[in-house]
Amino acid sequence: MPEDLAIAERIGYLVASRGAILICGGLEGAMAAACRGAKRAGGTTIGILPGYDPTMANPWVDIPICTGMGQARNVIIVASAGAVIATGGGFGTLSEIALALRLGRPVVLLGGWGQVLATEAARGMMMRARATVHHGTSPEDAVEQALQL
């Protein structure tokens, strides 16, 4: 999924270039790509790690936070964010989307789960959430929406 990594890196770059701090799970894949983009823009990155070892963070994480919570760390990621931009289609991303909705954090979907959550059943379920779901058309649009929300 090189395209997904390129999108994540672009999002990280745009978030940092707008002066926002990037917070993520701090590991590899899209998380590393987003952090790499943020660092390229001179930004600050926070990685909320699943274990107890700060050296597990990707090399672009400025502030590793060890939780020992495994996937439950997603609550910390989402609760610490002003808005969530979700790309890709992993289950960790899906859990972050659901947690954001439960906690009242705005969500901007870009690809991945966006197509699944655009179904009639999902829209009905999300209408009962305390947060709003928006669909981005590009990394630029997703970041702009997230920062405005």
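Student: Leaving aside its neighbours within four places in sequence, which residues is N58 in contact with?
Tutor: Keep in mind that this is a predicted model. In it, N58 touches G26, L27, E28, M31, A32 and C35, once neighbours within four places in sequence are left out.

Student: And where is N58 placed?
Tutor: N58 is in the loop between β2 (45-49) and β3 (63-66).

Student: Is N58 buried or exposed?
Tutor: N58 counts as buried because its relative accessible area is 2%, and the cut-off for buried is under 20%.

Student: What lies 2.8 Å from a polar atom of the N58 side chain?
Tutor: That's the backbone oxygen of L27.

Student: OK, let me zoom out. How many helices and strands does the protein have?
Tutor: There are 7 helices and 6 strands. Along the sequence they follow the pattern α-β-α-β-β-α-β-α-β-α-α-β-α.

Student: How much of the protein is buried?
Tutor: Buried residues are 40% of the 149 residues.

Student: And what share of the contacts with a separation of 6 or more comes from residues 24 or more positions apart?
Tutor: Those account for 51% of them.

Student: Now the helices. At what angle do α1 and α2 pack?
Tutor: α1 and helix α2 (residues 30-40) pack at about 40°, and their axes are 6 Å apart. The crossing of the two is right-handed.

Student: Which residues make that contact?
Tutor: From α1 you have L5, A8, E9, G12, Y13 and A16, and from α2 there are A30, A33, A34, R36, G37, A38 and R40. By class, the contact of α1 with α2 has 8 nonpolar, 2 polar and 3 charged residues.

Student: Which residues of α2 are buried?
Tutor: They are A32, A33, A34, C35, G37 and A38. These buried residues of α2 pack against α1, β1 (22-24) and β2.

Student: What about just after α2, which residue takes a positive phi?
Tutor: That's G42, with a phi of about 80°.

Student: Switching to β2, is L49 in that strand buried or exposed?
Tutor: L49 lies in strand β2, and L49 counts as buried because its relative accessibility is 1%.

Student: What does L49 touch, not counting residues up to four places away in sequence?
Tutor: Its contacts include G25, G26, L27, P54, A57, I65 and R73. L49 and G26 are 23 residues apart along the chain, yet their C-alpha atoms are separated by 5.8 Å.

Student: And N74, where is that?
Tutor: N74 is in helix α3 (residues 74-80). N74 is buried, with a relative accessible area of 3%, and beyond four places in sequence N74 touches G92, S95, E96 and L99.

Student: Last one: which residues of α7 are buried?
Tutor: In helix α7 (residues 139-148), they are P139, A142, V143, Q145 and A146.

Student: Why are they on the same side of α7?
Tutor: Because they cover an arc of only 165° around the axis. As a rule, an α-helix has 3.6 residues a turn, so residues three or four places apart point the same way.

Student: And what covers those buried residues of α7?
Tutor: The cover includes α1 (2-17), β4 (84-87), β5 (107-110) and β6 (133-135).

How values were computed. Residues numbered from 1 in each chain as written. Predicted model: local features only at pLDDT ≥ 70, side-chain atom pairs only at ≥ 80, totals over all residues. Heavy atoms only, no water. Buried < 20%, exposed > 50% of the residue type's maximum accessible area, 1.4 Å probe, protein only. Helix = DSSP H or I, 4+ residues; strand = E, 2+ residues; numbered from the N terminus. Arc of directions from axis to C-beta. Contact = heavy atoms within 4.5 Å. Polar contact = N/O pair within 3.5 Å; in protein donor to acceptor, adjacent residues only side chain to side chain. Axes fitted to C-alpha atoms, helices over the stretch in contact; angles between N-to-C directions. Left-handed = near helix turned anticlockwise from the far one by under 90°. Nonpolar A, V, L, I, M, F, W, Y, C, P; charged D, E, K, R; others polar.
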